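Work through the exercises below with the sequence and the model at hand, trying each task before reading its solution.

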Amino acid sequence: MTGTDRPTDGALVVKRVDEGSADTTEIKRLADAAGYDVLATLTQTRTEDPAYHVGEGKAAEIAEELRARDATVVIFDNQLGPYQTYNLGTEFPEGVQLLDRFRLILEIFGQRAQTRKAQLQVELAELRYELPRAEAKASLARREEHPGFMGLGEYDESREQDIKNRISRIRDELEKIERTDEHRREQRRESGFDLVALAGYTNAGKSTLLRRLAEDLDVDENEGVHPDLDETAASEDRLFTTLGTTTRRADFDRRDVLVTDTVGFISDLPHWLVESFKSTLGSVYQADLVLLVVDVGESVESIREKLVTAHDTLYERNEAPILTVLNKIDTVEAAELDRKREALSALAPNPVAVSARTGENVDALRERIDESLPALERERLVLPMTDDAMSVVSWIHDHAHVEDVDYGEEVVVEFEGRPAVVEQSRAKASDLVPAESAS
């Protein structure tokens, strides 16, 4: 059941910051994406309280607000420790569900997970989230304290070991899936495809850009050739529209390009959560080019922070060049775009500014993609005029960009393609029997 087909629960949103004022825009959007009706927000500026995260007085205020508004859920835009969760649970009315930022994100992921890989990654993240809470419940049980465990849920003596065992099994299964995915990526390269991955924060417009770059064809046309291609992600103003990966063949003249849209980054994600989704991020890590998409309508500070985090996330395993795409230029004036481009030049030295929604400047993006992908090799093959040679010419048409074919006493084909394709074409040509021998 998704957040859109269940009864809407009334929720309070709470956020604590060490200094300055708390911005609750993103957490309210996350709550909405999960299907909650945000009734009110409460914020606090102070250092973290070890017992309640917020101050004890603020915890009492939240409890009063929950009763006054008859809210059934309280969502913290912070990470709560197991004992903080327990202590807050003792203050709040009975039956109130307590979610921190990461529990909420996992709930959304669980609603959107459609493929086996996505479901396994969500379960892995949930188990890694629950493990320290299971350990806390075991500690409380040993001290014979606090029956019911309040916000932590019921205690099961064997739960801790069960979680560890399940984590191990899921990791093994995900590794098998990733090996299969890697094999498919290599098959695509051998078939002449360049692989481009879309990365960036959720709601930056990646899915819309994928639609804009894609050829006007259904993914079903790839069935049998690339059976793992999912249907195109919907273009919605909604967080986490894409949880798994979605791949489409892109519209390029000289190249065969596959573009993959991946799960969006989210700010302030802990390492364990990113690690749980590294199988999905494999589509980014193993690409020939990464398009890092950002919403240029946001503030310079927000864009800069997101670029830094995205580069950090990609840095350890990514080997492909990264091309920054400043999306949604239809939402800003030209002077503002120039100012932001200059302010971000250290992190994005030569970005491409586009509007995926209107299509503005997308052709320039295609040119930059073409320039940034591995160089194509030019080749000229002379083949005997035989049926087998015609099959080779047909294969070259399917896997490379053919510039000219001259059919005379011999067949001369001029083309350019990926180095692996050029090498395969040479091998196929060398196996051909001359025309006089064939006759």
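**Exercise 1. In what order do the three strands of the open sheet lie, and which of them are the edge strands?**

Step 1. In this predicted model, the three strands of the open sheet follow the order E11-E13-E12, and their pairing is antiparallel.

Step 2. The edges are formed by strand E11 (377–384) and strand E12 (401–407), each of which pairs on one side only.

Step 3. From one strand to the next, the twist averages 15°.

Step 4. Looking at one pairing in detail, E12 is joined to strand E13 (residues 410–417) by six bridges in the antiparallel sense, and Tyr407 has Val411 in E13 as its bridge partner.

Step 5. As background, strands of a sheet pair through backbone hydrogen bonds, either parallel or antiparallel.

**Exercise 2. Find the helix that lies across E11 and E13, and state its angle to E11.**

Step 1. The helix to find is H14, which comprises residues 419–430 and lies across both E11 and E13.

Step 2. Relative to E11, helix H14 runs at about 15°.

**Exercise 3. Decide whether Asp295 is buried or exposed, and describe its surroundings.**

Step 1. Begin with its place in the chain, where Asp295 belongs to strand E8 (residues 289–295).

Step 2. The relative accessible area of Asp295 is 15%, and because the cut-off for a buried residue is under 20%, Asp295 counts as buried.

Step 3. If neighbours within four places in sequence are left aside, the residues in contact with Asp295 are Ala204, Ile303, Asn327 and Lys328.

**Exercise 4. Describe how helices H1 and H4 cross, and which kinds of residue make their contact.**

Step 1. The axes of helix H1 (residues 25–34) and helix H4 (residues 101–112) come within 9 Å and cross at roughly 35°, and the crossing is left-handed.

Step 2. On the H1 side the contact is made by Glu26, Ile27, Leu30, Ala31, Ala33 and Ala34, and on the H4 side by Arg101, Leu104, Ile105, Glu107, Ile108, Gln111 and Arg112.

Step 3. Sorted by kind, the residues of this contact comprise eight nonpolar, one polar and four charged.

Methods
Residues are numbered from 1 along each chain as its sequence is written. This is a predicted model: local features need pLDDT of at least 70, side-chain atom pairs count only at pLDDT 80 or more; totals for chains, interfaces and linings use all residues. Side-chain values use heavy atoms; hydrogens and water are left out. Helices (H or I, at least four residues) and strands (E, at least two) are DSSP runs, numbered from the N terminus. Buried means under 20% relative accessible area, exposed over 50%, partly exposed in between (1.4 Å probe, protein chains only). Contact means heavy atoms within 4.5 Å. Axes are lines fitted to C-alpha atoms, for helices over the stretch in contact, and angles run from 0 to 180 degrees between N-to-C directions. A crossing is left-handed if the near helix is turned anticlockwise from the far one by less than a right angle, and right-handed if clockwise. Ala, Val, Leu, Ile, Met, Phe, Trp, Tyr, Cys and Pro count as nonpolar, Asp, Glu, Lys and Arg as charged, and the others, Gly among them, as polar. Two strands pair if DSSP finds at least two bridges between them.
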